[in-house]
Amino acid sequence: MLRAPGEPLFAGGRRGRYTARAGCRYNRAVREQIVRGAGLVMAIAYASAITWTYVRQPYTVAQVTGGLAASVGAYRIDSQAFADGLAFFKQDKFVEARAAFARADPAERDAVTQFYAAYSHYRQGWGRVYSDDALFGEGLKRVDLAIALAPAGRLVVEDPALQMHSADELRAELEAGLRRDASDLNPLRVMRQRK
Amino acid sequence: MSAAREAFALPLIFLTIALFGGLDPAARDPWTAPSLFSLVLTVMVMAALVRSGTLAPERLIHGSRPVVANANGLIVHFSLFGASAQVLNMLTPRSGLPALLVGVVLFALLLNTLVMSPDRARLLRSFAVVTGSAFVLKFVMLASLADTEGGRTKRVLLALFDVATLGTISQAPLHPAAGYWAFMLVLLFLIGVALLPSAVYRYPTGLQPYSERALTRTE
């Protein structure tokens with residue numbers, strides 16, 4: 001339909017024109033509110049992610065993604081890799097076991113996997129005369145991580161192949177191995193058994 | 001200033017700087033929080049930004065603005081503070097005499113800027129020069145002294161230099177990508193500062209002679 005010069009765009013004359021302008025202003029105000037609200041949510045989420053990063057100190061991208069997934073309860077370990085690790089562990093192939101555990105839990109967010117990783121450090125580092133401090137030290141770090149990840153810090157693993165079922169026992173054993181005292185000179189130490 | 005710039009662009013720029021400014025991939029704990037001294041310097045930076053009119057806080061937080069808009073403004077302020085702290089921390093050498101010297105020089109330069117009360121353009125130029133110089137010192141000059149790669153002659157010369165300066169100059173080696181990363185963040189910081197809502201100025205031409213025209217800030 002052709003429009004005469006000066007004729008309003010909308011039907012209804014001046015009133016229609018005002019209504020259209022008011023509607024345009026309303027839309028712009030609503031759009032601005034939406035943009036501001038979305039920006040606020042984005043900024044708060046981003047700031048929370050930054051705080052999490054500085055507190056947790058993730059080193060790899062897998063740790064970042066795994067940590068964020070764990071925070072919303074969506075993190076799952078690779079069960080096949082965990083089973084492989086367990087099989088290696090039972091055959092006393094500790095290096096291979098740790099590689100499989102690392103593959104199973106790349107973000108280091110699963111308490112049980114970290115417990116087994118710590119146990120592998122213990123068994124590999126244990127000796128009748130002396131223990132390997134480097135392996136025991138790494139094992140202590142892993143078991144501390146496992147305790148931190150476990151609900152209320154309590155972790156019990158019911159595995160008949162193990163002689164220490166709780167993370168607290170394992171931690172005490174690792175700490176005892178790292179300690180230097182007079183009992184280190186006791187010749188009866190060679191009689192003790194690996195747990 | 002558009003709502004998108006205030007709600008998205010500025011927080012995104014400054015929060016990205018605040019996040020990655022503390023990244024040190026060569027360290028055992030790769031995410032480093034800013035030092036206390038860099039927080040002191042940041043307060044001076046914020047004061048210089050406001051005094052020069054580069055940042056007009058009343059355009060971000062004001063009683064006449066809606067609550068959401070004020071919340072956006074608050075986020076911009078906090079993120080700017082975090083980004084400034086991380087940039088200053090990133091540009092300061094980690095240890096030894098260079099850390100002390102750069103800290104003192106940055107403090108003196110920012111104090112001088114506060115006393116001079118420059119306008120927006122001069123402040124932006126001043127920031128570019130200060131951050132650029134600190135970048136060259138840490139990521140070009142000191143990094144080349146800490147570079148472990150090179151021939152035997154270079155290593156002997158570096159060892160002699162280390163002995164002559166009693167080990168006070170040399171720094172721990174940086175990650176190969178650290179310089180590129182820092183350059184990008186400094187550039188992003190300067191862009192972010194230039195995008196801040198500035199104070200509006202007018203020339204009161206009718207009141208003052210041409211030669212004595214002063215910039216008067218309108219609230």
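**Group meeting: a predicted model of chains A and B**

I start where the two chains meet: the contact takes 16 residues from chain A and 18 residues from chain B. On the chain A side, the residues that touch chain B are nine nonpolar, five polar and two charged. Please keep in mind that this is a predicted model.

Now to chain B. It has seven helices and two strands. Of the 219 residues in chain B, 28% are buried. Take the contacts in chain B between residues at least 6 apart in sequence: 80% of them join residues at least 24 apart.

Next, the cores. Which residues have the most contacts inside the largest nonpolar core? They are Phe14(B), Ile17(B), Ala83(B), Val87(B), Leu185(B) and Phe189(B), in a core of 35 residues. At least two residues of this core come from each of these helices of chain B: α1 (3-20), α2 (36-51), α3 (67-91), α4 (96-116), α5 (120-146) and α7 (178-194). The largest share, nine residues, is supplied by α3(B).

Ile17(B) is worth a look on the screen. Apart from its neighbours within four places in sequence, Ile17(B) is in contact with Ala83(B), Gln86(B), Val87(B), Leu185(B), Leu188(B) and Phe189(B). There is also a second, separate core, of 25 residues, and among its members are Ala100(A), Tyr116(A), Trp126(A) and Ala146(A).

Now a pair of helices. Two packed helices are described by the angle between their axes and the distance between the axes. For α3(B) and α7(B), the angle is about 145° and the axes are 11 Å apart. The crossing of these two helices is left-handed. On α3(B), the contact is made by Ala83(B), Val87(B) and Met90(B); on α7(B), by Ala182(B), Leu185(B), Val186(B), Phe189(B) and Gly192(B). By class, that contact has seven nonpolar residues, one polar and no charged.

Last, a helix in chain A, α4, which covers residues 94-104. Which of its residues are buried? Phe94(A), Ala97(A), Arg98(A), Ala100(A), Phe101(A) and Ala104(A) are. Why do the buried residues of α4(A) line one face of the helix? Seen down the axis, they fall within an arc of 165°, so they line one face. As background, an α-helix has 3.6 residues a turn, so residues three or four places apart point the same way.

Key:
Residues numbered from 1 in each chain as written. Chains lettered and ligands numbered in written order. Predicted model: local features only at pLDDT ≥ 70, side-chain atom pairs only at ≥ 80, totals over all residues. Helix = DSSP H or I, 4+ residues; strand = E, 2+ residues; numbered from the N terminus. Buried ≥ 20, exposed ≤ 12 C-beta atoms within 10 Å, placed from the backbone. Contact = placed C-beta atoms within 7 Å. Core = buried A, V, L, I, M, F, W, Y, C linked by C-beta atoms within 7 Å. Nonpolar A, V, L, I, M, F, W, Y, C, P; charged D, E, K, R; others polar. Axes fitted to C-alpha atoms, helices over the stretch in contact; angles between N-to-C directions. Left-handed = near helix turned anticlockwise from the far one by under 90°. Arc of directions from axis to C-beta.
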